[in-house]
Amino acid sequence: MNIVCIGCGKESLSKDEIGVNKKLLGESVTEYYCMDCLADYLEVSVEDLQDKIEEFKEQGCTLFD
Ligand SMILES: [Zn+2]
């Protein structure tokens with residue numbers, strides 16, 4: 001599956017990127033942002049998102065499997 005960022009057109013978004021989109025924007029989202037565009041969109045830093053991803057993984061979130 002080749003998911004493309006709707007912000008910048010970056011291709012082949014990673015599972016982490018897709019997972020964090022679902023976590024932060026809702027599991028029903030059909031359009032995804034790459035880390036850079038998602039950080040921009042949410043007005044946070046990419047590091048904040050990476051921290052979130054680690055947090056979600058520690059909680060055992062299945063979206064990142
Ligand atoms: Zn992007």
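Trainee: Is L63 buried, partly exposed or exposed?

Mentor: In this predicted model, L63 lies in the segment after α3 (46–58). Its relative accessible area is 21%. Buried would require under 20%, and exposed over 50%. L63 is therefore partly exposed.

Trainee: Over the ring of which residue does the charged end of K23 sit?

Mentor: The charged end of K23 is 4.9 Å from the centre of the ring in question, within the 6 Å limit for such an arrangement. That ring belongs to a buried residue, namely F56.

Trainee: How many aromatic pairs does the structure hold, and how are their rings arranged?

Mentor: The structure holds two aromatic pairs. The ring centres of Y33 and Y41 are 4.9 Å apart, with planes at 20°. For F56 and F64, the centres are 6.0 Å apart and the planes lie at 15°. Planes under 30 degrees apart count as stacked, so each pair, Y33 with Y41 and F56 with F64, is stacked.

Trainee: How are α2 and α3 oriented to each other?

Mentor: The axes of helix α2 (residues 35–42) and α3 come within 8 Å and cross at roughly 105°. Angles of 65 to 115 degrees fall into one class, so α2 and α3 are roughly perpendicular.

Methods: Residues are numbered from 1 along each chain as its sequence is written. This is a predicted model: local features need pLDDT of at least 70, side-chain atom pairs count only at pLDDT 80 or more; totals for chains, interfaces and linings use all residues. Side-chain values use heavy atoms; hydrogens and water are left out. Helices (H or I, at least four residues) and strands (E, at least two) are DSSP runs, numbered from the N terminus. Buried means under 20% relative accessible area, exposed over 50%, partly exposed in between (1.4 Å probe, protein chains only). Axes are lines fitted to C-alpha atoms, for helices over the stretch in contact, and angles run from 0 to 180 degrees between N-to-C directions. Angles under 35 degrees count as roughly parallel, over 145 as roughly antiparallel, 65 to 115 as roughly perpendicular and the rest as oblique. Rings of Phe, Tyr and Trp (its six-membered ring) pair if their centres lie within 6.5 Å; planes under 30 degrees apart count as stacked, over 60 as edge-to-face and the rest as tilted. A charge sits over a ring if NZ of Lys or CZ of Arg is within 6 Å of the ring centre and within 35 degrees of the ring normal.
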